[in-house]
Amino acid sequence: MAKSDVKLIGAWPSPFVMRPRIALNIKSAGYEFLEETLGSKSQLLLESNPVHKKIPVLIHDGKPICESLVIVEYIDEVWSSGPTILPSDPYDRALARFWAAYLDEKWFPTMRSIATAKEEEARKALIEQAGEGVMMLEDAFSRCSKGKGFFGGDQIGYLDIAFGSFLGWLRAIEKMNGVKLIDETKTPSLLKWATSFSSHPAVKDVLPETQKLVEFAKVLAKFKAASSNS
């Protein structure tokens, strides 16, 4: 399939954009990456995702597909000749989707709130909540991985992509707040998994560096402050 037939609208710091990028890499599918600019939305994005007006959007043969995990499932089905991403077993598949929904609906919103918390007590409470979530994910890893290296078993799967896409921001938030949410004592399995995931050929070139995200967070905070004052 020609690279020009597959386009991905996104931005490098977005963990949600990372998901389809990793999935496409797993499938060895070439694509054109169309970078959006902070503070503006391209006409192509607005036309391709008129409902949410958000990245990522995959454009395949001129047809747009929106929402990161929907895109990952689409990639898995369309590029069926490559390694499978979703578990083949219905229960395992349901379990992976459950934890992916938890990450998006509960855990990552808590992580985002840590960065914007103004009161020290509120920040500490949010860090504790995020830590409790990571402990649950440590337990989920034991059940999903079945003793193998990834949530998906021997290779990166759906839940690996869903959680792993947040690793860059998790490390940035750890650095900015002087905490460790994934460590040898409390989450040894996740610590080992995070190292393997980050160094995987499908991931290493699209996972942003921690310091780069810390710097971007500062720029984003200034941008939001300027926007609210204007």
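Colleague: What is the area buried between domain 1 and domain 2, and how is that value defined?

Modeller: About 1800 Å² is buried between domain 1 and domain 2, with carbon and sulfur atoms giving 74%. Buried area is the accessible area (1.4 Å probe) that two parts lose on being put together, summed over both. In domain 1, Trp12, Met18 and Arg19 lose the most area to domain 2, together 32% of what that side buries. This is a predicted model, in which local features need pLDDT of at least 70 and side-chain atom pairs count only at pLDDT 80 or more, while totals for chains, interfaces and linings use all residues. Side-chain values use heavy atoms, with hydrogens and water left out, and residues are numbered from 1 along each chain as its sequence is written.

Colleague: Where do the two domains lie in the chain?

Modeller: Domain 1 covers 6–79 and domain 2 covers 90–217; the bounds come from an automatic or database domain assignment. The contact (heavy atoms within 4.5 Å) takes 15 residues from domain 1 and 21 residues from domain 2.

Colleague: Why is the pair Glu73 and Arg97 called a salt bridge?

Modeller: The term requires a side-chain nitrogen of Lys or Arg within 4 Å of a carboxyl oxygen of Asp or Glu. The closest N and O atoms of Glu73 and Arg97 are 2.8 Å apart, so the pair qualifies. Across the interface of domain 1 and domain 2, the rule finds two salt bridges.
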